[in-house]
Amino acid sequence: MESYWQRAQNVLPGGVNSPVRSFKGVGGEPFFVKRGQGPYLFDDQGRQYIDFVMSYGPLILGHAHPKVVAAVSEQATQGLSYGAPTDLEVEMAETLVQAVPGLEMVRMVNSGTEATMAAIRVARGVTGRDRILKFAGSYHGHGDSLLVKAGSGAATMGVPDSLGVPKALAELTLTVPYNDVDALRTVFNAVGDQIAAVIMEPVAGNMGTVLPQPGFLDTVRQLTRQYGALWIVDEVMTGFRVAWGGASRLFGLEPDLVCLAKVIGAGMPVGAYGGKKSYMQEVAPLGPVYQAGTLSGNPVAMAAGLAQLHEIHQPDFYSQLEQKTRTLAEELVARGRAHGIAVSANTIGGMFTLFFSDMPPRNFDEVSHSDHARYRKFFHGMLEQGVFFPPSPFETAFPSWAHTEATIQATLEAADRVFQQL
Ligand SMILES: *Cc1c(COP(=O)(O)O)cnc(C)c1O
């Protein structure tokens, strides 16, 4: 009999609905999930895994948290979607506006990709400029303007990262290395008055976790102001993941526009973008920047997100999550090194990445030079031990509230056995 993986490959491109799920980066076949509970995934063969993928970030309370499940079930009995406003949308918007600096008005959408695409449209609309700037190795969803390959050197003119992206569009996207203040200045000096927006992850998470170096974020803010470009802080991953209110609140940033998704949707398809009223008033039906969505602000998704946000809004939530994450990352590094392995980690809030390199990377180039062959062995070794790490050395791992002390210890013991074989 054909397995689901064989059947999947017949009818889904690469067998999956999002590329990284195919294990292409690490080789082998993905497992098929039957259910998730707390920190665990269970596959259709009855195997249990400690999960550090956590749907790539949204599940900060773990799988199937009772409060989130109850909120979803209750709302579902009242209907799944209406095409007319609900109280839940207002409560979600007010929650976000109170928590996130610079967020005065917000529009709900269905994914992070939608949020970044719309934010860029707003920035282009209000500035009357077409160019945007992003950082190499940063991911902002699969929108045309954002799928642009990182070049080497200071600034690179956009080369599309994907077939099907018109060259004319890709050329409008400028790319500089993350944490490279000089390259950024050079680009602004040359074409700063043509740049509609800088879009960035305040902590990079899609080249693995990479922290902003001191002064980097300040420089971006200063240059965007000086040249009249908007600063789009893409908090799709970091929002409510590194702190309540996201990295913007943690670092005291003053973004012009903010993008959110993942944690605010608790595992439902949710995104949001917003910022100063003067910009958001340009969005339809108030203004001439058009953006819409049949399922945007979906009541079941809002109920899930609100239940999760309510549950994590407690004084010790983030300090405890960060403590757990830090302990795990530091202990993994210590144990790897005890086995003579060059290993390092970057960590913040509920995000970390283990890199097989002497020093923690500061940009995409340095991540690229870590030992990917070793990561592949680590990944498969851990999977055999029943621990699911991201199937790519360029991804972030996401501990959750549900990862208890015992889960962390079990992970470390598994890692000890795996490091021995590396
Ligand atoms: C995940 C992610 C996106 C894309 O969000 P989707 O919901 O997958 O479309 C955009 N930006 C960042 C920083 C992300 O981490």
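Trainee: Let's start with the loops. Where does Phe23 lie?

Mentor: Phe23 sits in the loop between α1 (4-11) and β1 (33-37). Keep in mind as we go that this is a predicted model.

Trainee: Is Phe23 buried or exposed?

Mentor: Phe23 is buried, with a relative accessible area of 3%. Met54 is not a glycine either, and its phi is positive, at about 50 degrees. Met54 belongs to the loop between β3 (48-51) and α2 (66-76). With a relative accessible area of 0%, Met54 is buried.

Trainee: Which peptide bond is cis?

Mentor: Look at the bond from Ala284 to Pro285, which is cis, with omega near 10 degrees. Pro285 is in the loop between α9 (277-280) and α10 (299-312).

Trainee: Now the domains. Which segments make up domain 1 and domain 2?

Mentor: The domain assignment gives domain 1 as 4-53 + 316-338 + 345-404, and domain 2 as 66-312. Between the C-alpha centres of domain 1 and domain 2 there are 24 Å. Domain 1 brings 22 residues to the contact, and domain 2 brings 25 residues.

Trainee: How should I read the extent of an interface like that?

Mentor: The general idea is that the size of an interface is often given as the accessible area lost when the parts come together. In this structure, domain 1 and domain 2 bury about 1,800 Å² between them, and 64% of it is on carbon and sulfur atoms.

Trainee: Which residues of domain 1 lose the most area to domain 2?

Mentor: Those are Tyr318, Ile348 and Met351, which together account for 35% of what that side buries.

Trainee: And what kinds of links cross the interface?

Mentor: Start with the charged ones: the count between domain 1 and domain 2 is zero salt bridges.

Trainee: Which elements give two or more residues to the side of domain 1 that touches domain 2?

Mentor: They are α11 (317-338), β12 (344-348), β13 (351-355) and α12 (364-368). Of these, β13 gives the most, with four residues. Sorted by class, the side of domain 1 that touches domain 2 has 13 nonpolar, seven polar and two charged residues.

Trainee: Let's go back to salt bridges. What is the general idea?

Mentor: Side chains of opposite charge can pair when their charged atoms come close. For this model the count comes to 10 salt bridges. One of them joins Glu171 to Lys167, with the closest N and O atoms 2.9 Å apart. Glu171 is partly exposed, with a relative accessible area of 36%, while Lys167 is exposed, with a value of 57%.

Trainee: How does the pair of Arg335 and Asp416 read?

Mentor: Arg335 forms a salt bridge with Asp416, and their closest N and O atoms are 2.9 Å apart. Arg335 lies in helix α11 and Asp416 in helix α14 (residues 405-421), so this pair ties together parts that are 81 residues apart in sequence. Asp416 is partly exposed, with a relative accessible area of 25%.

Trainee: Which residues are linked in a network of salt bridges?

Mentor: Find Arg221, Asp256 and Lys276: salt bridges link these residues in a network.

Trainee: One last exercise, on contacts. Which residues does Leu88 touch?

Mentor: First place Leu88 in helix α3 (residues 87-99). Leaving aside residues up to four places away in sequence, Leu88 touches Gln75, Pro299, Met302, Ala303 and Leu306. As for Val283, which is 195 residues from Leu88 along the chain, the C-alpha atoms of the two are separated by 21 Å.

Terms used
Residues are numbered from 1 along each chain as its sequence is written. This is a predicted model: local features need pLDDT of at least 70, side-chain atom pairs count only at pLDDT 80 or more; totals for chains, interfaces and linings use all residues. Side-chain values use heavy atoms; hydrogens and water are left out. Domain bounds come from an automatic or database domain assignment. Contact means heavy atoms within 4.5 Å. Buried area is the accessible area (1.4 Å probe) that two parts lose on being put together, summed over both. A salt bridge is a side-chain nitrogen of Lys or Arg within 4 Å of a carboxyl oxygen of Asp or Glu. Ala, Val, Leu, Ile, Met, Phe, Trp, Tyr, Cys and Pro count as nonpolar, Asp, Glu, Lys and Arg as charged, and the others, Gly among them, as polar. Buried means under 20% relative accessible area, exposed over 50%, partly exposed in between (1.4 Å probe, protein chains only).
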